[in-house]
Amino acid sequence: MSDSVARRPRWLRQYARNVLSYYYPTCIDTRFGGYIAQLDERDGHVYDARTKHLVATARAVHNFSVGCLLDGPVWCRAAAEHGLSFLQSGHWDEEREGYDWLLEGRNTADATRHCYGHAFVLLAGARAHQAGIDRGKETLERAFDVIDERFWEPEHGLCADEASADWTDVSEYRGLNANMHTCEALLAAFEATDERRYLDRAATIAETVTRDLAQDGDGRLWEHYTADWDADFEYNRDDPTHQFRPWGYQPGHHAEWAKLLLLLHRHAPESWHVTRAKDLFDTAVDIGWDDTSGGFFYTVDREGEPVVADKYGWEVTEAIGAAALLSRHESEYLEWYDRLWEYAHEYFIDPRHGNWYERLTRDHQRDGPNHGVGVEPGYHPLNNAWVALQTFEADR
C-alpha cells in the first residue's frame with residue numbers, strides 16, 4: 001500500500017468494516033446469548049463455543065457500536081444490542097452487584113471482580129449510548145457506579161485492581177493496566193454524555209500515572225505496584241508472559257498512554273499533554289522497537305533488554321492511533337503512522353480476511369494457534385482505525 005492510502009478516511013472506514021465482517025455473523029451466539037468470541041485467527045472457525053469472557057463481550061459491544069457510528073452495515077446495531085443485553089443478563093450479578101469475569105454458557109465460572117473488566121463494560125456502555133442504542137446509558141452508569149464505589153481510591157487518584165466475588169477481599173496488587181482502560185472508558189463516557197465528572201476522573205488518572213508515577217529521569221511507566229502505590233519490581237518476575245500483568249516495561253502501553261493523553265487534550269487541553277505524549281511515544285520506540293526485525297518487543301527489562309521478544313498486534317495498533325494524533329502536532333509522526341501500517345500489512349494483517357494475528361515470534365513466525373479465552377475480537381485494530389479516521393477527517 002502507498003504511504004498515503006492509510007490516511008484516507010474512506011480507506012479507514014472500509015478497513016473498520018472489514019474487521020467487523022470477519023467476526024459477524026459467526027460471533028452471534030443464539031444458544032447461550034452474547035457472543036462466541038473465540039474464532040481462529042487463520043480461518044475463522046470456532047474453537048470454543050461456550051466460554052464467555054467479560055472483556056471479550058464488552059469489546060465486541062464496543063466494536064459493533066463503533067460500526068453504527070461509522071454508518072456501517074445494518075447488522076451492527078442488532079449485534080451491539082444483542083451483546084449489550086447479555087452484559088446485563090448474563091455477566092451481571094444482581095445479588096452482589098458486579099460483573100462476572102468468566103462464564104461457561106450462562107453459568108458463572110469465575111466471579112472475581114476485576115476493575116479491568118468493569119472498565120470495558122463502561123466503555124461498551126459509553127459507545128452504545130453514543131450510537132443511540134437502548135440501555136447503553138444504563139450500562140454506562142451502572143459500570144461507573146461499581147468502579148466508583150468499589151475500586152476508586154480518591155486518596156491515590158487511582159483504582160484498585162481486583163476483589164473477591166462478594167467484595168470482602170480486595171487484592172493488595174495495584175496496576176496500571178486497569179487504570180489505563182478505566183481512563184479510556186471515562187473519556188468515552190464523557191464523549192457520549194458530555195458529563196464533566198467522567199472527564200475530570202479521566203484527567204486525574206492520566207496525570208497521576210503519566211506524571212506522578214513516571215520514574216524520575218527517564219519518564220518510563222512501570223506496570224506493577226503495592227497497595228500504597230510503590231513500584232513492585234518483583235511482581236510476576238517469574239511469569240513474564242502473563243496475559244494481563246507481565247513483568248517488565250511494556251512499550252505498547254507507553255504508546256497507548258500517549259494516545260489517551262492526546263484524546264484528553266481534545267476535551268480539556270493542557271500544555272503538558274502534548275509534550276508528555278511525545279515523550280511516551282518516543283520512549284515506546286526507544287525501548288521497544290526491534291531495529292533488526294521490526295515491530296515492538298512485548299516487554300523489556302529495566303536495562304532496556306527484551307524480556308519477551310514476541311510481537312503483539314495490539315501494540316502496533318495502539319502506536320498507529322498515537323502516531324495519527326501526534327501528527328496533528330508534529331507532522332514527522334506521519335512517517336511512523338505510515339511505517340506502522342506498512343509493517344502491519346507485511347506481518348500482522350491476514351490478507352485473506354483482514355483480521356489481525358494476535359502474536360508472532362520475534363522474527364514474525366506463527367508458532368502456535370493463539371487460542372485462548374481472553375481474546376480481543378478486533379477491538380484494538382478497529383478502535384485505532386476509528387481514532388485515525390476521526391483525526392484525518394478533521395482535515396477535510
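Here is a short tour of a helix pair and a few cysteines in this predicted model.

**Stop one: two helices**

Two packed helices are described by the angle between their axes and the distance between the axes. As for handedness, H2 passes H4 in a left-handed crossing.

**Stop two: where the helices meet**

Now show side chains. On the H2 side, pick out the contact residues, including Leu54, Val55, Val61, His62 and Leu69. Across from them, H4 brings residues that include Tyr116, Phe120, Val121, Leu123 and Arg127. What kinds of residues make up the contact of H2 with H4? They divide into 12 nonpolar, 5 polar and 2 charged.

**Stop three: the cysteines**

Next, select Cys68 and Cys76. The closest cysteine sulfur to that of Cys68 is in Cys76, 5.4 Å away, which is too far for a bond. A disulfide needs the two sulfur atoms within 2.5 Å. Cys68 is buried, with a relative accessible area of 15%.

Then move on to Cys183 and Cys159. Here the sulfur of Cys183 is 10.0 Å from the one in Cys159, its closest cysteine sulfur, and that is also too far for a bond. Cys183 is buried, with a relative accessible area of 1%.

How many disulfides does a search of the whole structure find? It finds 0.

Terms used: Residues numbered from 1 in each chain as written. Predicted model: local features only at pLDDT ≥ 70, side-chain atom pairs only at ≥ 80, totals over all residues. Heavy atoms only, no water. Left-handed = near helix turned anticlockwise from the far one by under 90°. Helix = DSSP H or I, 4+ residues; strand = E, 2+ residues; numbered from the N terminus. Contact = heavy atoms within 4.5 Å. Nonpolar A, V, L, I, M, F, W, Y, C, P; charged D, E, K, R; others polar. Buried < 20%, exposed > 50% of the residue type's maximum accessible area, 1.4 Å probe, protein only.
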